[in-house]
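Here is a walk through one protein model. Keep the sequence and the 3D view side by side.

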Amino acid sequence: QGIHRRTVDLFGLGSSESNNEPLGKLDELDDDEESVDDGEYLAAKTTIGDEQTLVEIDDKKDDDPTDFHDSVMPALSSSDDIETSDSKQPRVPSNEEDFARTLADHYAKQQGAANQQFSFASLRRPPQNAKQSNELHKYLSFCLDIFMIVYAAGFVFSPTSILSASFDYMHKHLCINTKLSYVYWLFGKIGCTGNGFNRLLYYATHQYKYIANELVQAARPVISIDTLPNALQITLTNAMIKGLAAFVLFKGVPVPRLTIRQAVRFEMVGLPFATQLFFFAMITDYDKGIMLSGAIKLVGCLRRLYLATLESGAQVKFNADGAQHEAVNYTFLGWFFFEWGRVLGELKRFFELFTPEELRHLLEQSWKMRKALLTWPAGKLKDAPSLLSSVHILLAEWIFGKGNWENPLPDPPVANPRNIKQCYASDQYTSAQGLQGFRRIREDVDDIDANGGFGFIDVNTAVVGLLKDLEDNQLADGEADYKNVKSLEEYFRNSLGWMPFFDSQIMPVVVLRKPNLDIGGLILFRLLFLYTPFCFATFWNPQCTKVSLKRLRPMARTVMQCQWLLMVVTVLTTENHDLTFDVMDQPITDNFMFIWHIFAHWAIFLHIPAAVCALVFKQFLILSDNLFDSRHTTQLRDASFDSRLVGKQARVSRNFKTKKSSVRRFSTIHRYVACILSGARNRQELKTPVLRVIDMLKTDDPTDWLSTSSTYSTKNKRIESIKTEGLIQGALLGEIMEAFLEDRPNVGNPLANYSPSKEETDANSMALAKVALSGEWHTCQSTINYDGDESYDQRKAGNGFTPPAHGVKLIAHNWGEDRRYSFQGKDDTALQYAYFDKNKFVEKMVAPTIEGRTGKDTRKKNDKSNKGIMFSDYKMEQPLVPPKGRGKGARWARMGPTHQGITMFRLVWRKEGTEEQRKKELKKLLAENGFELD
């Protein structure tokens, strides 16, 4: 800590312009949470385009997507078109210093006024040399290969399909108006987002206000990340982990041992160093001793790797524009080298303000540093990680030394916080606490005034803000003016006589001074360094989940301030320091600004959640342990998920249930069908995707690599769902239906369902009427049998089934031979065995059909003559099995089907009334349907 090395000033001082940014509280960051929930379909027409909603969203200042118009290079149409020749590329720089200077000059030229908000143009990489270009094209080939895996599996919707008019783009499966993650197409450009709904709102309030109500229909979901099936996701993740290794150039060198020179070299001949670090973190299995390993376990990282890779692959495949390949075409390294020169210049300017004799005296000695005064500690939840650390504490210990700091407000704002908001609720401090904090600051300043020294003091706006509420009786003599304090700087100057000495225009630090003390020939300096809170450098707001480019500038100024303070303290605590620092051969872990360039790159160009980026920043300040662990962070994904899966499918995998309906078994059926059909390039090619759709209808679960055939009823239900869902329309739907009819089995196919004649339906109605009238126990066939015997026409009750002999004991599948049953409801006093009675057997009907006849009648009146009588006033009961034990979870159970293929049942009247009333209503029901019982 505080290590310094000698070097030359690589880049000069540069020009500086003031932006008059105060030292006080910065603007609050946005709450742009990246949701991993699948969410519900949000009403497009009533949300996007609604004027009031747009005003409210605009007030939130949602995070910007990377500018669509800031493209770097033309997209490539296929891997065959990717050029790998060096012939027309700029030469590779001869050394790292030349490359660093190129980066800094490019940033300065593009950025314009140095202190203004960052622009994407200034962070774009300079024209690439031959090796960089070759590496980029290899990367794009890799992205295309990954994309084609999804394309071949049938989960890519081609945005410019010739069949565009045949799809409903307002349908929930074919728009991005949900909280899911998408690679999407909009007005000829391809982008990606972790939350489709939020992205549409951003466009509606910024770039496309004039057509806000058209955006939902205009944006096409090329890939819906969350709905990619498990098997496909695992294939993709494995392929990415394997393929990304080729782009990490520091294999075998532990990250903490890397120097800035090495990092610059890796970027000079490859992808941006910060992106290489991300790839390394994602492909390396977690190891406690390997820094940054195991990032696949962190919230948002795998999702963002999917989005970045598939977005680039889609841009190449569809030759589309957009904010192209931002993970590999942008870098903050130019900012680092440009601002490093300016920070070093500010360091020299500060020391040059002393007289030559004072400067000689300062540099000759090693001065002892007083305890630095920070601000206040954030609270800690009861279940917080045991080794959770704070950025501002880590920075303070690197700058001032371990334990050489304290907080004027020593306690958290809420003693036992119940949520994150309370941990940061500085408005809960009382004026009395503010007074004690201010007295601690005043004590430190008075001691320096009397005895000399260097004071390092946070501007403490939290403390100062509490003073105005003080009561007169809380103040001691000489403290009456405390209530009027506006800022520490103003108070020290106007009330205590400190004079301005140094004021930086590029970072929020001010130095005040009083004349030196001369105590018996011993010269003692009196300096006060005022700085903004260190936590502003990274994640300083509990509601911030994503850092936007427009909010990044004050963060950059804060980390530059920390770097400057570190160098000042290093100079003051080192004998005979010559004010030079060796930046190129410095370990990357020793330079706050270099570490921060990684933080910013991950946040802006990889779109990693802010809390994870802050964790990465802290990792470079704690080298003894891997912070991607539950002892250090809460930013870990649910351990019960397969780490190779993202979003909805990860939860489906964890909560997998085998019993699903024939349609729900493949819940993405409608989007899948649309994706398959959208790939047709012309009408002549349509036959192949249509036949693929028909094959999907016949496959039990098309997402399984080892597919099994579905039942014919599943195929029917799926085609009916496609017809009624409305996603596919017009002639295209007609072609699917025609292909479906052509693919139907022959009439004699034993897999076809049987449609009874009117006479058979009437006979069945009368049979059930007799069962209902008697109120007695009967039996029926449990299910339709099909044993492969093609002598039967179709699947229907009776085919392939022989009832048991009269008097045979019925043995239930679920309960075994020795189980007895209650035939009088939940009464275990008179349990009996069940026996088959041939005179009480209902032929030509199975149990599910009978139970269906007791449901609610929702049919139209003109349909009833062909569908049989509905006995909705009755319910189907079975003999009951008593529970084992008497515990809370013990329940009675139905007898269920038996080994003889028989189910025992009776029909019980649901209503209350006499037996005479029941029979009267039953006869009335039959009469209404043209029947009469003997």
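Helices here are DSSP runs of H or I with at least four residues, numbered from the N terminus. The model is a predicted one. Helix 15 covers residues 391–400. The residue that follows this helix is G401, and its phi is positive, near 105°.

Stay with helix 15. Of its 10 residues, 10 are buried.

Now go to the hairpin of strand 1 and strand 2. Strand 1 spans residues 182–186 and runs antiparallel to strand 2, with 5 bridges joining them. Y184 stands opposite G191. The hairpin has 2 residues between its strands, and F187 takes a positive phi near 50°.

How much of strand 2 is buried? 5 of the 5 residues in 189–193 are, so the strand is largely enclosed by the rest of the structure. K189, G191 and T193 point one way, I190 and C192 the other, and all are buried.

W185 sits in strand 1. Its relative accessibility is 15%, and buried means under 20%, so W185 counts as buried. Beyond its sequence neighbours up to four places away, W185 touches P159, T160, I190, A218, A219, R220 and V222. Its C-alpha atom is 8.8 Å from that of A320, a residue 135 places away along the chain.

Strand 12, residues 874–877, shows another pattern. Strand 12 runs antiparallel to strand 15, residues 902–909, through 4 bridges. M876 has L907 as its bridge partner there.

Turn to the rings. The count of aromatic pairs comes to 61. One of them joins F332 and W596 edge-to-face, at 6.2 Å centre to centre and 85° between the planes. F332 lies in the loop between helix 12 and helix 13, and W596 lies in helix 21, so the pair ties together parts 264 residues apart in sequence. Both F332 and W596 are buried.

F350 and W564 have ring centres 5.4 Å apart and planes at 75°, so this pair is edge-to-face. It links helix 13, which holds F350, to helix 20, which holds W564, across 214 residues. F350 and W564 are both buried.

Charges also sit over rings. R553 lies over the face of F118, at 4.3 Å from the ring centre. K809 lies over the face of Y833, at 3.8 Å.

Terms used
Residues numbered from 1 in each chain as written. Predicted model: local features only at pLDDT ≥ 70, side-chain atom pairs only at ≥ 80, totals over all residues. Heavy atoms only, no water. Pairing = 2+ DSSP bridges. Buried < 20%, exposed > 50% of the residue type's maximum accessible area, 1.4 Å probe, protein only. Contact = heavy atoms within 4.5 Å. Phe/Tyr/Trp six-rings, centres within 6.5 Å; stacked < 30°, edge-to-face > 60°. Lys NZ or Arg CZ within 6 Å of the ring centre and 35° of its normal.
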